[in-house]
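Hello,

Here is the structure I promised to pass on. Please open it first; my notes follow below.

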Amino acid sequence: NPPRFGVNWTVAMEVAIRAINIIAASQMFFVSPKVNDKSIALILKILLTHGRFIRANLENSHRLSSNHYLSDLLGLFVIAATQPCFRESRDWLKFSVQELTAEMQKQVLPDGVSFEASIGYHRLALEIFTLFFTLSRILKLDLPDEVSHRLQAMFDFAQAYLKPDGTAPVIGDRSEERRVGKECRS
């Protein structure tokens, strides 16, 4: 994945998710004796490049933002939270906390349902806001009470839509296309 080259650098969402995975994987591998100063420097360079790309290519508009924007913001937040040594980290952290908090108000209805009206996107938003909330608590960031209230409501909704076997129904975002596709094969 050379920086800014190829399909893996098409949208900030992919870059953000990759950055979070690099950070998670790095935590697992740092105990290895094969990890040295050179490999750590490379990882830091990669993460800085990812953060700068995300910040320059945020996927939002004044009319509507979506799970892409949430993913972008989470990537920026996780990079800033775990790499405070970067010159941009303070600004990235402040910006991402402010935006994630605001987006929760926009994208999650008071009853905890994602505005995208899709079970799959609800779950993605729930995962994003859960990681944001968890890291914020670890960092002792002061989030508005409404964040924890809406997050709890999101979990309550997820619990309500789960079937007894633990699976979720396919509602929203292409569920109609899947049903039509099955009918065509009959």
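In which helix does histidine 122 lie? Histidine 122 lies in helix 5 (helices are DSSP runs of H or I, at least four residues, numbered from the N terminus).

Two cautions. This is a predicted model, where local features need pLDDT of at least 70 and side-chain atom pairs count only at pLDDT 80 or more, while totals for chains, interfaces and linings use all residues. Residues are numbered from 1 along each chain as its sequence is written, and side-chain values use heavy atoms, leaving out hydrogens and water.

Back to histidine 122. Its relative accessibility is 1%, so histidine 122 counts as buried (buried means under 20% relative accessible area, exposed over 50%, partly exposed in between, with a 1.4 Å probe and protein chains only). Leaving aside neighbours within four places in sequence, its contacts include Met154, Phe157, Ala158 and Tyr161 (contact means heavy atoms within 4.5 Å).

Now helix 6, residues 145–161. Its buried residues are Val147, Arg150, Leu151, Ala153, Met154, Ala158 and Tyr161. They cover an arc of only 160° around the axis, so they sit on the same side of helix 6 (the arc is that of the directions from the helix axis to the C-beta atoms). These buried residues pack against helix 4 (89–107) and helix 5 (119–138). The face turned away from the buried side carries exposed Asp145, His149, Gln159 and Ala160.

Best wishes

How values were computed. Helices (H or I, at least four residues) and strands (E, at least two) are DSSP runs, numbered from the N terminus. The expected span of a helix is 1.5 Å times one less than its number of residues.
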